[in-house]
Amino acid sequence: MEPLAEVPLFEMDQDDEEEEDVLSVKSTGKVCTFTTHSPVGPAGTDPDTLIYMNFMKSHSCYDAIPTSSKLVIFDTTLQVKKAFFALVANNVRAAPLWDNRLKGFVGMLTITDFINILHRYYRSPLVQIYELEEHKIETWREVYLQYSINRLISITPDASLFDAIYSLLKNKIHRLPVIDPASGNVLHVLTHKRILKFLHIFGSMIPKPRFLQKRICEVPIGTLKEIATVQESASVYNALSIFVERRVSALPVVNEQGKVVALYSRFDVINLAAQKNYNNLHMTMREAISSRACRVEGVLTCYPHETLETIIDRIAKAEVHRLVLVDRDDVVRGIVSLSDLLQALVLTPAGIDALYC
């Protein structure tokens, strides 16, 4: 049989961390195989819409783990400041936390923690954030756990990618540790982007669903109401407040006319540590954007008349996590993220609403 012509749906480049793209054969000798499942979805569902759902159900988290990748792990006795500098130095956005007393992994340290610390303890540019300078990770966790339920959410290598997507979206997290139940070791930290990249690599093996030709205005996808934005004249502290209160991962920065001029994401906040600007959160968004590093997410937009396939290709090729939906005047009308895409492509056909419930 002749090999299938490769017509990739996603042209996803490398993730934020360096990874090998050879996924089919790993050190254990396990081969990534493809199986055909009878479409299983809600009664009356068009089988065409179940293609990606069945693809994810027929592949495990192990299949999506790269043969080579970077994994950073922090001990809970490490100082918070050093941990965030280490995230920046290693160009990663989160790290599993190891508690030597409990002899196990107890959570994840993420950019959200950095934002919460800055938002909780920042006073003025003249006062150092003692809690950031001196606290250990375990101290911060003791404080933070008083106000939230913070347990380690993980998944096993044998679990399906469908289950991984459901866990990511249901728990509103962006990093899912894959833990070997036998050894207790973290094998990989699975992300939305990694899952889409896996679909790209093997996407030529499955038919392309017809619903990809639907326009955005015809598909219930993205955040279209009560969109969180920030004025370019507002302070960085104002942006942190919106991140904390609205639990969003990025903010369109708009001018006085409501037109989007930039996008400020949670990852931009971690760069405050690299630039040692976290003691000056009164700077304006305009100043923060102009001073950030060169390699940042630009403002990529999409329009209601564009097809789902078009926006998927755009978000994948640009290696961004979201597009800003705008009208003809470039006024913000919504946000379409990787989470929205996974919900629409995989969970909605299964009759599951993990993202919007």
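Two strands count as paired if DSSP finds at least two bridges between them. Strands (E, at least two residues) and helices (H or I, at least four) are DSSP runs, numbered from the N terminus. This is a predicted model, where local features need pLDDT of at least 70, side-chain atom pairs count only at pLDDT 80 or more, and totals for chains, interfaces and linings use all residues. Residues are numbered from 1 along each chain as its sequence is written, and side-chain values use heavy atoms, without hydrogens and water.

Three strands make an open sheet, ordered 9-10-11, with mixed pairing. Strand 9 (301–302) and strand 11 (332–337) are the edges; each has a single partner strand, so one side of each lacks a neighbour in the sheet. Strand 10 (residues 322–326) runs antiparallel to strand 11, joined by five bridges. V324 sits opposite I335 in strand 11. Helix 12 (residues 308–317) packs on this sheet and touches strand 9, strand 10 and strand 11. Contact here means heavy atoms within 4.5 Å. The helix direction makes about 135° with that of strand 10; axes are lines fitted to C-alpha atoms, for helices over the stretch in contact, and angles run from 0 to 180 degrees between N-to-C directions.

Now the charges. A salt bridge puts a side-chain nitrogen of Lys or Arg within 4 Å of a carboxyl oxygen of Asp or Glu. The count is eight. One of them pairs R210 with D48, with the closest N and O atoms 3.7 Å apart. These residues lie 162 residues apart and link distant parts of the chain. E306 and R314 also meet, at 2.6 Å, N to O. D99, R101 and E138 form a network of salt bridges.
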